[in-house]
Amino acid sequence: MPLKWVLHWQPNAGTTVNTQILNEVTQCVESINGVKEGRWKATLTYYKPILRDQSQAPELPRDFLGISLPEQPNKYYFIIRGQRIVLEADSSIQTIMEKLQSYKSRVALYFEGFQYQLGDFQLRVGKVTPTHSDNLRGIIMEVEYLPLSSMDKSRQVMEEFVDIWQEAISKRSLPGHFMHMEPNFVEYGLSDHYSSQHTAVQYATVMAQLIATQSVQAVRN
């Protein structure tokens with residue numbers, strides 16, 4: 001499958017994300033001739049174990065993430081960041097988990113917005129919100145390079161595209177910038193050939209960064 005980078009909006013110190021920034025980012029994509037193709041949505045859920053007996057605690061992962069991706073509607077992905085494990089399962093696993101009552105959903109987030117075509121690139125720009133709220137938690141952008149699936153071979157063209165994008169967004173003088181934090185995929189047992197598991201790991205990394213950023217802001221406030 002085509003290679004993809006997942007970037008997130010990093011606000012400047014003392015600032016927070018807001019819908020005005022999201023609107024400006026969306027307008028920026030359209031200003032560099034991005035053709036709007038429709039909406040997209042991913043869901044990320046943070047699970048915690050239900051301990052009926054405290055002796056179970058060492059046997060179960062303390063927490064893990066589950067994610068559904070729009071390009072793989074029949075699949076569900078689990079990421080245990082502490083052990084660097086990523087698993088692909090059938091989407092029906094969510095129903096099985098509900099019936100087993102071994103884990104419960106603590107936090108669920110939607111990543112949703114619009115998809116754009118820009119030459120050989122596909123961009124998805126969207127907001128991060130809790131499932132039962134419109135409270136904006138972050139801004140996300142996927143950059144997908146359609147011709148290649150090798151991370152190594154596509155690195156230069158991806159870096160060049162992101163540089164052009166950062167230059168375009170900087171002209172709007174917004175209080176922040178997009179960040180790309182590439183996980184160490186080898187630690188998760190993933191190869192250079194890109195897959196949806198790579199995307200799931202990137203979303204888990206972005207989730208951790210969003211939580212860390214909000215924790216720092218909470219301390220400052």
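How many of the residues of strand S1 (residues 3–11) are buried? In this predicted model, 9 of its 9 residues are buried, where buried means under 20% relative accessible area with a 1.4 Å probe and protein chains only.

Local features need pLDDT of at least 70 and side-chain atom pairs pLDDT 80 or more, while totals for chains, interfaces and linings use all residues of this predicted model. Residues are numbered from 1 along each chain as its sequence is written, and side-chain values use heavy atoms, with hydrogens and water left out.

**View A. Strand S1 and its covered faces.** Leu3, Trp5, Leu7, Trp9 and Pro11 are buried on one side of S1, and Lys4, Val6, His8 and Gln10 are buried on the other. Strands are DSSP runs of E with at least two residues, helices are runs of H or I with at least four, and both are numbered from the N terminus.

**View B. Pairing of S1 with S8 and S9.** S1 runs antiparallel to strand S8 (residues 138–145), joined by 6 bridges; pairing requires at least two DSSP bridges between two strands. With strand S9 (residues 176–180), S1 forms 5 bridges, also antiparallel. His8 has Ile140 as its bridge partner in S8 and Met179 in S9.

**View C. Nonpolar cores.** The largest nonpolar core holds 54 residues, and Phe111 and Tyr203 have the most contacts inside it. A core is a set of buried Ala, Val, Leu, Ile, Met, Phe, Trp, Tyr and Cys residues joined through side-chain atoms within 4.5 Å.

**View D. The largest pocket.** A pocket is an open set of points on a 1 Å grid over the protein atoms alone where a 1.4 Å probe fits, with protein on both sides within 12 Å along at least five of seven lines; lining residues have an atom within 4 Å of a point. Helix H4 (196–220), strand S3 (64–68) and strand S4 (75–80) each give at least two lining residues, and H4 gives the largest share, 3 residues.

**View E. The second largest pocket.** The space here is about 200 Å³. Its lining includes Thr43, Tyr47, Gln94, Glu98 and Lys104. Strand S2 (35–49), helix H2 (93–100) and strand S6 (103–118) each give two or more lining residues.

Conventions
Points joined across faces, edges and corners; volume = space filled by probe spheres on them. Buried < 20%, exposed > 50% of the residue type's maximum accessible area, 1.4 Å probe, protein only.
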